[in-house]
Amino acid sequence: MALDPKAQAMLDMVYRVGAPRFHELDVHQARRSFEKLQFALRPDLPAVASVTDVPIPGVHARDGVIMARLYRPLDAAQDAILPVTFYFHGGGWCVGDIPSYDALCRELANLGGCAVLSVDYRLAPEHPFPGAVEDALQAVAWTLANAAMLGVDPTRFALAGDSAGGTLSAVTALQMRNDGAPQAAHQILIYPCTDILSQRPSRRTYANGYFLDTESLAWFFEKYLPNQSDWGDWRASPLLAGRFDRLPPATFIVAGCDPLTDDCKAYAEALGTAGVPVTVHEFDGMLHGFITLGKMFPQAVTAVEKAGLALRAALAR
């Protein structure tokens, strides 16, 4: 698949100036580099009704507090009880944070007509697998148990995330099904990593020169999963879960020129075969990570609209 001209222009710029790739940086440099890209190319921040920081107790006392940020849509009445979407940011479980996803979460709140809780789960390598998995599930469980305090409806919620956060959304849905917990009304899975050890064709086709290269993928995986025995755990690779029935309907946002494309489609196929309603929106010529770069890519604006409208339809009552 040919790159979109704007995606090619961005890559040309990155490689022309010799910007180091993730695997050539230490963790702190990588986090700063990711943040700079997000702030440079994100769209303008839309207004919302309110933004509130929410501290959530960790699973164990030693884990400390999971910080989250709650966005209420612009048209929401102050006392309205709203459905809620949990958003887990991308960044290979090693980089990314709430401020970098501020614009996207505001957009989803307004488009989806719901509150959005952006979760600042613990990052590797300081907190390797399964720290992020535990935090994601804890954030959902605690919020649903304390819904009245937050002004949200515990019977109407969705799970959403991009890249590593898309993986966390998928894994959280699987865990909640396995535990017999309430199920989300929908899951928005934006180019998730579904099979760490994948050998599908897109891993080779887009291995180098497409932003998320093979070496950077390995860098993320090795920091998140320092124990290679964990690489086959379905909580890291949800395609290994074995069962995909009784999961929430899913909307996939897929980038055409992404080493993870075939893994995303394989997970969509697994859900569909198990009877789960699935919608896949593939954006030809786009790179992994495009959805937050609305200042650069008009396709990002379209993708966010599709995600927001899917949330609005799923959470309406």
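Buried means under 20% relative accessible area, exposed over 50% and partly exposed in between, using a 1.4 Å probe and protein chains only. The model is predicted: local features need pLDDT of at least 70, side-chain atom pairs count only at pLDDT 80 or more, and totals for chains, interfaces and linings use all residues. Residues are numbered from 1 along each chain as its sequence is written, and side-chain values use heavy atoms, with hydrogens and water left out.

**Figure 1. Tyr 87 in strand 3 (residues 82–88)**. Helices (H or I, at least four residues) and strands (E, at least two) are DSSP runs, numbered from the N terminus. Tyr 87 has 0% relative accessibility and therefore counts as buried. Contact means heavy atoms within 4.5 Å. Not counting residues up to four places away in sequence, Tyr 87 touches residues including Tyr 101, Leu 104, Leu 108, Val 119, Asp 162 and Ile 190. Tyr 101 lies 14 residues from Tyr 87 along the chain, and their C-alpha atoms are separated by 9.3 Å.

**Figure 2. The crossing of helix 3 (residues 102–112) and helix 10 (residues 298–315)**. Two packed helices are described by the angle between their axes and the distance between the axes. Axes are lines fitted to C-alpha atoms, for helices over the stretch in contact, and angles run from 0 to 180 degrees between N-to-C directions. The axes of helix 3 and helix 10 come within 8 Å and cross at roughly 45°. The two helices are therefore oblique to each other (angles under 35 degrees count as roughly parallel, over 145 as roughly antiparallel, 65 to 115 as roughly perpendicular and the rest as oblique). Among the residues that meet are Leu 104, Leu 108 and Leu 111 in helix 3, and Val 304, Ala 307 and Leu 311 in helix 10.

**Figure 3. Two residues with positive phi, Trp 93 and Tyr 191**. Most residues other than glycine have a negative phi, and most peptide bonds are trans. Trp 93, which is not a glycine, has a positive phi of about 65°. Trp 93 is in the loop between strand 3 and helix 3, and at 2% relative accessibility counts as buried. Phi of Tyr 191 is near 30°. Tyr 191 is in the loop between strand 6 (186–190) and helix 7 (201–205), and is buried at a relative accessible area of 0%.

**Figure 4. Cis peptide bonds at Pro 125 and Pro 130**. A cis bond joins Ala 124 and Pro 125, with omega about 5°. The bond from Phe 129 to Pro 130 is also cis, with omega near 5°. Pro 125 is found in the loop between strand 4 (115–120) and helix 4 (131–145), and Pro 130 in the loop between strand 4 and helix 4.
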